[in-house]
Structure formats: structure tokens, C-alpha cells
Amino acid sequence: MFKRIVLLAAALLTVFGLGSTQTTRAQTPTPGGTLVVAQNADISGFDPHTLPDFPTVRALGLIYETLVTVDSNLKLIPNLAESWKFSDDGLTLTLNLHKGVKFHSGDVFTSADVKYTLQRILDEKTKALVRSNFIDIKTVDTPDDNTVVLTLSKPNVSILTALANATAAILSAKSAGLDLKDKKNVNGTGAFKFESWEPSQRLVLAANKAYWQAGLPYLDKIEIRVIPEEASILAALRSGDVNFAVLNDPTVATTIKAGSGVTLQRVPALAYHVLQLNSTRKPFTDVRVRQALSCAIDRQQVLDTAALGEGQVTGPITIPLYRTPTDQLPCYKPDLAKAKSLLADAGLSGGFTFTVIAASQEPPTAVAEAQNVAAQLAPLGITMKIETMDLNAYVKRWLAPDFDAAIALNGGSPDPHLQFVRYWTSGGNLNKVAALSDPKYDDLLGKGQKEVDPQKRITIYQDFEKQLASDAPWVWLYVGYEYRAMQDSVKGYIATPLNSIAYLRQAYIQK
Amino acid sequence: MRALLSNRSAAIGTGISLVYLVLLILGTFSITPYPPTEQHPQKSDRLQPPGATYLMGSDQFGRDELSRVIRGSIYSLRVAVVSVTIAASLGALVGTLSGYVGGWFDSLMMRLVDVFFAFPAILLALAVVSALGPGANNAIPAIAIVYTPIFARVARAPVLTVKALDYITAARCLGVPSWRIVRFHVLPNTISPLLITISLALSWALLTEAGLSFLGLGPQPPEPSWGLMLKEGRNFIETAPWLSIFPGLAILFAVLGFNLLGDGLQELFDPRRNT
Amino acid sequence: MLRFLLQRFVTLIPTLVGISLLVFFVIRQIPGDAIAARLGGEAVADLTDQQLAEYRAYFGLDKPLTQQYIEWAFKIVRGDLGYSEVRREPVLIAIGKTYPVTLELTLVALFIALLIGLPIGIYSALNPNGRFDLLSRVLSLLGLSLPGFWLGTLIILVLSLFFHSAPNAGLFTSIIDNPLRNLGQIIFPAFTLGFAFSASVMRTTRAVMLDTLAQEYIRTARAKGLRERAVITQHGLRNGLIPIVTLIGIEMGYLLGGSVLIEEVFALPGLGRLIYNAITQRDYALVQGGVLFAAVNFVLINLLVDVLYTGIDPRIAHA
């Protein structure tokens, strides 16, 4: 949920030119120069394993790299590991590392660094965000400098996707014992290295001249500035004070017009906008009431009014590969009559009143979504009161969980297991926020985690998705876009989802 | 009343205030072209510029901007009026008492007033509202707290002056009870500065409320207040400027009205200035 | 004089204690704490109870409130305002970086206010109820009535759309690095702030000039055949200075703390925005230190004004 949280981030392409990238490289790149990037909040520190907020993950994704990554179609592709293999029983994963990679400190990257990184993530004291994704790892062996063997306690297919998460970035073994929160100890393998940081103002990164992908990066420097208002970011782009920006708010992004000197790139996001119902509170304890809401709400209308149509209506699964077409999901065609009869069955034909919580700026569309949903529920006699608050207050209520309903933007992952496990298994750490558990869910998700056959895996998750849509513990609304806006002179950048701007390594400023 | 109308500022101020009173009545009973929170989600109704259907245009939900400006008056004006009433009564009480009693009580009260004075106003209001949680009425205590010290000072000064006058000393010597002295000699002297401050404080309170709403700490959507409407319209300032202009003008004229009224009162009570 | 100053300083102490109590306890009434602020919901859920306890200890949130206050107060007496966990630097350093911006903003705003307010105020007092007087009154009413954040937004829009200029593209240039660029960045927010202030300057000047011009000695001066210019500058303005200085003092104090919205709208890295962000991030040390600093600043400016008074008008007793 929110900007601050990422299940998985950073989509880097390994060997550039490889994969499904439609590179528009008609001219030869002009190397050199400083690219000024703007985002709406500052980084919160330098430890890539413990900081979940979007601005930090985005910036550190230029400095640190992961073993594997995903391409723009969310397919897993090599990065620091050039190949990998699961054993037939699914209990060992062997990774072959890329040779000739160096850290910014000059040390050569080896299997010892991978071992240290995984141990650090697994150590509870680190407070690593993705620790729970790796607890099935029993041992990490390093037969030679370029091979890592992970032995698992039980089959776990999603561990490879977990390695692609930017908050599982590879650190140098020499970092052991150092305070990684300190800017003095920043040391990755990425295309850019740390130069200086002025809090609330700017972070400056310099090109890594020894980068392992030959010829990259083109830019000499990247300067990431903090401009809190997205409207001001746009103004800065227009004036030329900023070359490249990350935008979240569709009402701002859509004011960019073609031919204005600023180009807008959209990538469908995996994070989903959702109306969470609290199934432990009356009247949502009754599945018919939840279904009534799901049937009554015209999701396209929420999208059109709150986000100006910028996105796509979605079911519980947001990953294109696994997604069920929404017309096959129950209640995705608005049906007021059905909603009314469901409410009548539940003994609530006169309607009822409940309160929804929404964070005032996270996401920027939250309050607008709540307002439209409220208007749509009014004809059923349902009064939905809106309570807006700042993010901190919201997070506290959301976690408790202390709400009848909540408007949220929850993080997506390219692997459905990683996206669902924390909410919908009875032992998941956010299961009480999901407020509903069911043995059926545990069963389906357990199967999905072990299934090695891709096609069968898709079927399992689609079954799960239909089950969720029908039980309607939440009303899934839509997925929006991630926006990157740049001046027309910025070339070579490829927009990828999952909050990454790592492709700036092959961007250049046309002279 | 006739005196009030004979002064140009006061007359215009009264006129504007009356217009807003009408708005307030219309808003309270939701007598508006459309219900103020009614959405018209069809594309042809959303973000429409001012025209025959929507006199002041419509917003992203197809809500009528005019209806929302009218309805918004009840939140913006109510918060201003109630909070200033509280601040004025409380401040006048503290100020008069403290000035009249004097001694350690006066010192204590004035130190307290200093504390609030030194605290940056908007930050204090911001912290108080954040603590109470946003809501239509939670801005009231926040703004009242911020402006009470001003009234305490305004009320205290004339008390000190009056207290030192010979006839009061005489009255005291004659054994006239304190409350009589306060009621018949002290209070009348504090009325005119208080009235002037009230009309000015109304305009400040309105601006503070707008600022708080602008930061999202006012009434909860979908109910409108002018500050909230400005906040909601901000990202549309290029594509739908009417969403920023009309609520902005509503605030501007309300503050203008209160200011003019204050000016008029000042001129009436202090004829020297009315050259 | 020295005794007067000393006296004023002693009365300052209870005020400061009051302010510190107020800020300390009010900020803690706001729901949500620094941990949620830093990590967000899904991440906090990933922490074990023990990790959460460690975090609380790290932020000093595990002790009773009164103890936290006393420890904080003792640190302040030693000149230590605490450490901002969000910015990862001492509070004093954070204030040191942002205060100059706000001070500059305030001073330029003040300058603009005087530039607009003084001449118009004087001129309209010379021709009361004339056409110019009417214009000045409309202008001053506008200044008092325009919401600053609204005016600021409009200015940014106009600059961006018609001049393709964004004076505050996220990176504030200090006056030492590049004075010209700095001026370009500070002038618009300063105008927004100064325009509102010019209204009070205009009105006070006008009122004071009307008062003094009606005095006997002015008539005498005129009768003596002094030129009008000399009458105004030598007699009128000098005597009208005291109320204007008072006003400037009060407004300076307010401007410093009250520039929050303007700094936010124009993205200036000033003290007001520093404190505002600290409130939303529950960065207690920074809120406490920042507000205390702003308050001390306000009090000191007022003290300075009092001292100036006695300089201008020796009749004022050191009471």
C-alpha cells in the first residue's frame, strides 16, 4: 500500500538490447552531462534492505542491484546472476554469477557477497523488509566464487521473484559490521555511485566508470531533487530546471500535452486501488452485504471520476500473466437490482451507515475515490462517511485494524504468491488487516507456492481470484499508471513498472 | 444603525455581510441549483466550464460548483464566527479580569498570553487540529485558542486606563462593589476596541480556516468548504481554473466584507481618523 | 538600560518554559508515531514485537512522558536541541540550514511591504479621500483579504504557463552561491507575503500621517514657510515612526513563523516548512526544537523593538 511500501521494486534489464524492449535508438547517444530528476519526497536513508518508501527504493535502485530482475513484461531475467536452475525436487536453487562485476569500492563481486547479503536479510536484527520471503532458505553454499547454492526447507517457487525485489539488493561482504544507514558506507554495483546528499534538497549520484555493462551509463551525473508538490514538479519540467520526473497524480500528469516540450510515459502499475471492507465488523460479517457493495459499485465510474480514466478496472490479481478478464468475475458489471436484493436478504433493505478511512495524499486519488464510492452507494440507502487523515494516523488505524472500511493502494508483485500470502493466508502478517481467512485460501495458496508448472500455477491463482471476488472481502477497484515525465531532449530511457528508474543508465541528453 | 450606514466602508461591509448571511441561510437549508454533493458522472457533465447548465462550472465528479460554493459558506463562516465568539468571550473575560485584579494573577495571565503569542499561529492551529483529527468543527477550538490571547490583550488595556481614573478610585473608596464598577465603568470602555478586533479577527479566522482546510484539516469530503474546494481544484488550475477562482473569490469577498466592517467601526468610534 | 534588558530576560524564562511544555504535550496528542511515519503500514506489520520495542527505544518513545520531557529540557539547557531521526542530523543543524531562508524571505517581504506601503500611505494621507486615496484603500483591502496560498498558486501558474519559468525548481540557491538566482527564487514568495503585509503598513502610515499632519507644530512649520517636502520628511514622518516600527516588529515575528503555507506553496526550504513536515512525520525532536526556536526568535525580535523604541523616543520609560 501507499507510496511508502513496495513489495517488489526495480526492474532492471541485464544485457541491454536484450529482452522485449522497443528501444528507440535511432541516433547515437551523446554521452555526458547531468540529468536533473525530480520526485515528490526525499529519500529516507541508505540501507536498501530496511527502507520501504518509494523515493528511497527508486533512488537506491540506481546504486544497488539485485541478482535477478524483471523485464517490462514482468518476466524474470538475469542481472547479477547470469543463469539459474531449480533442482527437480524444487529444494535447491543454483545461481551462476556474472563475472567481472565490481563494487563502487573496487572490490570484486563474488558468491561471498551474496551469502553475506542473504544472511543479513535473514538476521532478525537487520529488520529487513523482505525477510519473510526468504525464511524457507535452510543453507547458502558457495562452492566457488561464481556459484551460489540455496537449499530450501520446502519447495518455494516464488523465491526467485523474491530475489528480484529491490529491497533484496546485493551488498558487499565488506559491509559487515558497518552502519549501512550512514551515507559513508554506501557501496553497490549499480551504474551510479553516491556522491552527496543534502536532506530535503538533493541527492547527487556520479557515473560508475567501472560499470559491468560496457559503455554505460551515458550520463556523467544524476541529481535527484525533492519538489513536494507535483504541480511544481511539472512547472520545473516546463521551465527546463528539471529534465526528468516521477509523477503519481493522474490529475497532474494528464495536464501534460503532446508537443509542449515535455513527454509523458505511462506504465501500468501492479499496485491496486481497493476499498477494503472489515469482515469482522457488522454488517460486513455477512457475505451478502459485501457482495451487495461489490455489485453496486461501478468501478469504471470510480476510475473515470477519481483518476480521470487513467488506468484499468482490475480484479484481485493485477499481474497481466495471471489476470482473469474482469467480465468473468462476479459482480463486475454494476447491478443495482441484484445489490438491493442481496441487501434485502441480509435484512438491510433500508440501508446502513459506515465510515471509510482514507489517507489525504497517499495515494493522491484516495479521497476522490471515497467520494465517488459514497455517491454510488447512496441510492441503496447506504451512508458512507469519509474520514481523511494524514498518512501516519491512517497507517495506525489501518494496521490495528480500526476501521469499517478503508481506501487503500496496496503494493503489487510480479509473483501472485508474494502479493497474496501476507493478506490471505491465516498466518500472514497482514491477515488481520485483510480481516478474513478461510481454509480454502490457505489450501489454494499453499498449492500455488509449490507448483512448478507455469500453466497449472496460473489456473490455481485464477481459481483463487474468482473465490476472492465472490467472497468480496474487499472491493478491488482499478490499477493506475506509473508516470515518468521528461523533456523532449531526454532520450534512451525505457519506462518499466515497479517504481524503477534504473533505466536512466541508458538515458542521455540530446545536444 | 443609521450611523453605521452613513459610513461608506461600514455600509459596503454591512452590504457584503448581508449577502453572505443570505448565502449562509441558503447553504444551511441546501437551497441550491443542485444538491451540493450530487455527482453527475457522465463525461458531458464532468469538468464543464461555466455555462447555462452549471453557472460556475462543474468539478471532476460533475458536481455543480455554484451549489458547492453556497453550501461551503456554512462551514467556512460557521467556523469563523463560532471560533471568534469563543475567543472574544474568553479573551475579554481573561483580559478584563486580569487587568482589574492585577497583581500576580495579571502577571500569570499575561505570561500565558505571551506563550501563545510567541507560538507561530498557523503551526499552533495545525498541531491542535492534527491532535483532534480533521473534522468540520475541530478547526473551531484550534482557531479559538490562537485568537484568545489577542482579545485578552485588547480587553486588558482599556481596563488599566479606566482603573487609574480618578472617579473609579473615588467609587472604590465609597465602597461601590467591584462587579458594579466593572459592569458600568470598565466594560463600556472595552466594547469599541473589542468590536473592531472582532470584525478583524473574523477575517483572520476565515483565512486560517481556509488555510487549514487547504492542508486537508477542515470538514470531511464530500461536504465542501472553500479552503477544501481550493485544495481540490488546485491540480485542475490549468484545465479547469473555475474550480480555483470561485471559492477563492468567495473567501476574498467575505474577508473583504469583514475588513470593511471593521474599518467602518473604527472610523465611527474614532472620528479623528475620518478626515 | 542594562537593568531593563536584564529584567526583560528574566521575564522571558517562564514564557519559554510555557512554550516548551505546550509544544511537547500538544505534538504528542497527534495520533500515529514516528515508527509508522518512517516505515508505513505493510512494513510495520513485518516487524516482530521485539523489533518494534527496539524501534520505540531507539526513538526514545519507551519512557514515560514526563521523563521524556525532563530529559529533553535538561538537554536544551545544555544547548542540545536533540537529533532529527528523519533528517539524520542534529536539530540545531537543520534549523541552521533553514532559518537563513526564512529570514531572507521575511526581510525581502518586509522590504517589499515598505516599498509599496510607505509611499502610498503617505501620499494618500496628503490627499485624503482623493481618487488616489480610494485606490490605496482598495489595494490595502485586497492585501488583507487575499489568501496568500491562493495568490501564490496563481503566481506560479502564470509564471509557468506564460513565462515558462519555475523559480523554485526544488533546489534553492543560497544568496552566497548565486545572489541573482537567489533573488529570482525569493522575489515571488516574498511578494506574496509582502503584499499582505504592505496593507497594514499602508494603513498605519496613512493613519499616523493624518494624525501628525493635523498637529499644531506641523501647521507652525508650514506657516514658517517650510517647503512641503521638508514638512513631511522632517516632522511628519519622524514622529510617525514609532507605530510603524511597532508594527514591523510584530509582523516580523509573525512572518517568521507564519510563512508555512507560502514556503509550502513555493517549495522553499525554510523553517516554517521544516516544522510543518516534522509535524506530519511525527519527528518530535524537530518539532519541539523548531517551534521553540521560532518562539524565542519572536520574543527576541519584540525585545529588539522595545529597545528601538527607547532609542527613537526617549520619553518612553523603561517600565
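Okay, a definition to start: I'll say two strands pair if DSSP finds at least two bridges between them. And keep in mind that this is a predicted model.

With that in hand, take strand E5, residues 92–97 of chain A, and strand E7, residues 147–152 of chain A. These two pair in the antiparallel sense, over five bridges. If you want to click on specific residues, A:Leu95 has A:Val148 as its bridge partner in E7(A), and A:Leu93 stands opposite A:Leu150 in E7(A).

Now the other neighbour of E5. E4(A) and E5(A) also pair in the antiparallel sense over five bridges. Here A:Phe86 has A:Leu93 as its bridge partner in E5(A). So which residue in the turn of this hairpin has a positive phi? That's A:Gly90, at about 75°, and there are five residues between E4(A) and E5(A).

Zooming out, we have an open sheet of four strands in chain A, in the order E4-E5-E7-E6, with antiparallel pairing. The edges are E4 (81–86) and E6 (137–144) of chain A; each has a single partner strand, so one side of each is left without a neighbour in the sheet. On average, neighbouring strands of this sheet are turned by 20° against each other, ignoring direction.

What lies across the sheet strands E5, E6 and E7 of chain A? That would be helix H2 of chain A, residues 111–122, and it runs at about 165° to E6(A). Back on E5(A), look at the two faces: A:Leu93, A:Leu95 and A:Leu97 make up the covered one, while A:Thr92, A:Thr94 and A:Asn96 sit on the uncovered one.

Last stop, the contact with chain B. On the chain A side there are 20 residues in contact, and they meet 16 residues of chain B. Four elements of chain A give two or more residues to that side: helix H5 (250–253), helix H7 (299–306), helix H9 (366–377) and strand E15 (383–389). Which one gives the most? H9(A), with six residues.

Key
Residues numbered from 1 in each chain as written. Chains lettered and ligands numbered in written order. Predicted model: local features only at pLDDT ≥ 70, side-chain atom pairs only at ≥ 80, totals over all residues. Axes fitted to C-alpha atoms, helices over the stretch in contact; angles between N-to-C directions. Contact = placed C-beta atoms within 7 Å. Buried ≥ 20, exposed ≤ 12 C-beta atoms within 10 Å, placed from the backbone.
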